[in-house]
Amino acid sequence: MAASLVLGSAVKSSSRYLMYRVLGHLLLMLSAVKLVAMAVSIIYNESSFWVFLGSGLFTAAVGYSLVYKGREAKDIKHRQLFLLTTLSWLALCVFSAIPLWLIVPNCSLTDAVFETVSAVTTTGSTVFAGLDTMPKGVLFWRAVLNWMGGIGIIVMAIAILPALKIGGMRLFKTENSDTSDKILPRSSTLSAAIGTVYLVLSIVTMLAYYLAGMTGFDAVTHAMSTVATGGFANYDSSFGVYKDSPQIFWLSSFFMMLAAMPFVLFVSFAKGDKVSLWRDPQVRAFVTIVLFCSVLLTVYQVVHNDRAVFDALTHSLFNVVSIITTCGYASEDYTLWGNMAIMLFFYLTFAGACSGSTSGGLKIFRIQLAAMLLIKQLKLLVHPKAVWSQSYGGKKVDDQLLGNVLAFCFIYFATIAFIAMALSFCELDLITAVTGAATAVANVGPGLGSIIGPAGNFSTLPDAAKWWLSLGMLMGRLEILTLLILFTPSYWRY
C-alpha cells in the first residue's frame with residue numbers, strides 16, 4: 001500500500017515536471033518569434049523593437065527555467081494532456097499579450113489579452129482601430145500569432161482530441177475511406193507532414209497575393225492569416241481596401257477554402273491518392289454549401305440591389321467563404337445587403353468547415369452525423385423493430401459515435417447560450433450578445449449589428465464582456481470539452 005502511494009506520487013511529480021518542460025519549450029519558441037517581430041520593427045525603423053527584444057528575453061528566461069526544472073522528467077499521464085493543452089494555449093496568449101500592451105497606445109491589459117486570444121485561437125475579432133497606421137511590427141505580430149495558432153489547432157487535433165471521442169484522428173478515420181494510419185504510421189510523422197503542407201501552402205499564398213498586387217509585407221501577413229483562417233487584416237476596412245482588385249478576392253477565397261479542408265487529406269494526396277479530397281463527404285458538402293450560398297446571395301443582390309453579376313458574385317463568394325471557414329475577413333459591410341443576407345451569414349457563423357483544418361465552428365461532419373441520427377430516429381418511428389446500418393464515407397458509424405456527436409452539439413450551443421447570457425449582464429443588446437457569443441465560440445471574428453458587425457470592432461465593449469468573449473474563444477478553440485473536463489471532480493480524484 002505504502003509502496004503504491006509512493007509510486008503514484010512519483011508518477012504525478014514526473015508528469016508535472018514534464019509539463020513544465022513542454023511549456024518551457026513552447027515559451028522558448030515564442031521568444032524566438034518575438035525576435036523575428038523585432039527584426040521587422042528594425043527593418044521599418046520602429047522604436048518598438050526594444051519592446052519585442054525585452055519581452056523576448058523575458059519569455060526566454062521563463063521558458064528556460066521551466067525547461068531546466070523539468071529536464072529529467074520523461075513520463076506524463078494520458079489524461080494530463082488535457083491540462084497541458086489548456087495551459088499551453090493560456091501561456092501562449094498571456095506571454096504574447098506583453099508586446100501589444102506595451103507598444104499600442106491606450107491599450108489596456110484587457111485589450112491586449114483579448115487581441116492575443118483572438119489571434120492565437122484564429123478568431124480574428126479585434127479591439128484595435130487605426131490599423132492602417134499601426135506599427136508594422138505589431139501587424140506582423142498579430143499575423144504570426146494567427147499563423148502559429150493555425151498549426152497548433154491541427155497538432156491538437158492529432159494528439160489530444162481523439163481521447164475526447166468528438167474529434168481528431170478518430171474522426172479522420174471515420175470521415176474518409178483511408179485511415180490515417182495507412183497514410184503515415186506515426187502521429188509524429190503525420191504532424192511533420194502536415195506541418196510541411198501548412199508551410200508550403202503559406203508560401204504559395206504569399207506569392208499569389210504578391211503577384212496579384214499586394215505589397216510584400218501585406219502579402220506575407222495576409223497569407224499567414226489566410227492559411228490559419230484567422231482573419232486579421234492590416235486595415236480597418238479589412239479586405240475592403242482591395243475593392244479595385246477582384247483577383248485578390250478570388251485568390252483569397254480559393255486559399256481560405258483550401259485551409260478549411262482536412263490537412264491529412266492533403267498528405268494523402270501528396271502520397272498518391274489523387275481523389276482523397278473529393279471522396280471525403282464533408283469536403284463535398286462544404287464545397288456544395290459554399291457554391292449554393294454564393295449563388296443564392298449573388299441572385300439576391302442582382303435582383304434586390306441591382307448589382308452587376310460579376311461584382312455580386314465576387315463579394316458573395318468571398319464573404320461566404322470567409323464566414324463559413326471562420327476566417328472573418330470582410331470585403332464590405334454585408335449587413336447592408338438585406339435581411340436574407342444577414343440571416344444567411346448568421347447561420348453560416350455556426351456551421352464551420354471541415355474537421356482537421358484550421359477553421360473553427362461546429363464542423364460540417366457533426367452536422368452530417370446529427371442529421372443521420374435524426375433520419376434514423378424518424379425511420380424507427382415507422383419501423384420500431386428494424387435494424388439500420390449506417391455509414392459515413394464508406395465506414396460504418398455506430399450509435400456511440402452518433403451519441404457523442406449529438407452530445408457535443410448540445411454542449412456547443414449551451415456554451416453559446418451561457419456566454420450570451422453573461423454578455424447580457426454586461427448591458428449588451430440582444431443582437432450583440434447573441435452574435436458576439438456565437439462568433440467567439442465558433443472562432444469566426446465579426447458578429448452582427450452596428451457595434452461588432454463587419455464594419456465595427458470590439459473596442460467599445462466593456463472589459464467584462466471582453467473577458468467573457470476571451471473565455472468563449474478559448475472554449476471554442478479547445479473544442480469545449482478539453483477545458484470543461486478540468487472542472488470535473490473525477491479528473492483530479494486519481
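Axes are lines fitted to C-alpha atoms, for helices over the stretch in contact, and the angles between N-to-C directions run from 0 to 180 degrees. Helices are DSSP runs of H or I with at least four residues, numbered from the N terminus. This is a predicted model, in which local features need pLDDT of at least 70 and side-chain atom pairs count only at pLDDT 80 or more, while totals for chains, interfaces and linings use all residues. Residues are numbered from 1 along each chain as its sequence is written, and side-chain values use heavy atoms, with hydrogens and water left out.

**Helix packing**

- Helix H14 (residues 309-324) packs against helix H15 (339-351) at an angle of about 35°, and their axes are 7 Å apart.
- This contact (heavy atoms within 4.5 Å) joins Asn319, Val320, Ile323 and Ile324 of H14 to Phe345, Leu348, Thr349 and Ala351 of H15.
- The residues of the contact of H14 with H15 comprise 6 nonpolar, 2 polar and no charged, where Ala, Val, Leu, Ile, Met, Phe, Trp, Tyr, Cys and Pro count as nonpolar, Asp, Glu, Lys and Arg as charged, and the others, Gly among them, as polar.
- Helix H17 (residues 399-424) and helix H18 (residues 430-441) have axes that come within 8 Å and cross at roughly 135°.
- That angle makes H17 oblique to H18, because angles under 35 degrees count as roughly parallel, over 145 as roughly antiparallel, 65 to 115 as roughly perpendicular and the rest as oblique.
- On the side of H17, the contact is made by Tyr412, Thr415, Ile416, Ile419, Ala420, Leu423 and Ser424, and on the side of H18 by Ala433, Val434, Gly436, Ala437, Ala438 and Val441.
- By class, the contact of H17 with H18 has 10 nonpolar, 3 polar and no charged residues.

- On a 1 Å grid over the protein atoms alone, a cavity is a set of points where a 1.4 Å probe fits but cannot get out, and lining residues have an atom within 4 Å of a point.
- By this rule there are 3 cavities of 30 Å³ or more, and the second largest cavity holds about 50 Å³ of space, a volume being the space filled by probe spheres set on the points, which are joined across faces, edges and corners.
- Among the residues that line the second largest cavity are Ile323, Phe345 and Thr349, and H15 supplies the largest share of this lining, 3 residues.
- The lining of the second largest cavity divides into 7 nonpolar, 4 polar and no charged residues.

Terms used: Helices (H or I, at least four residues) and strands (E, at least two) are DSSP runs, numbered from the N terminus. On a 1 Å grid over the protein atoms alone, a cavity is a set of points where a 1.4 Å probe fits but cannot get out, and a pocket is an open set with protein on both sides within 12 Å along at least five of seven lines; lining residues have an atom within 4 Å of a point.
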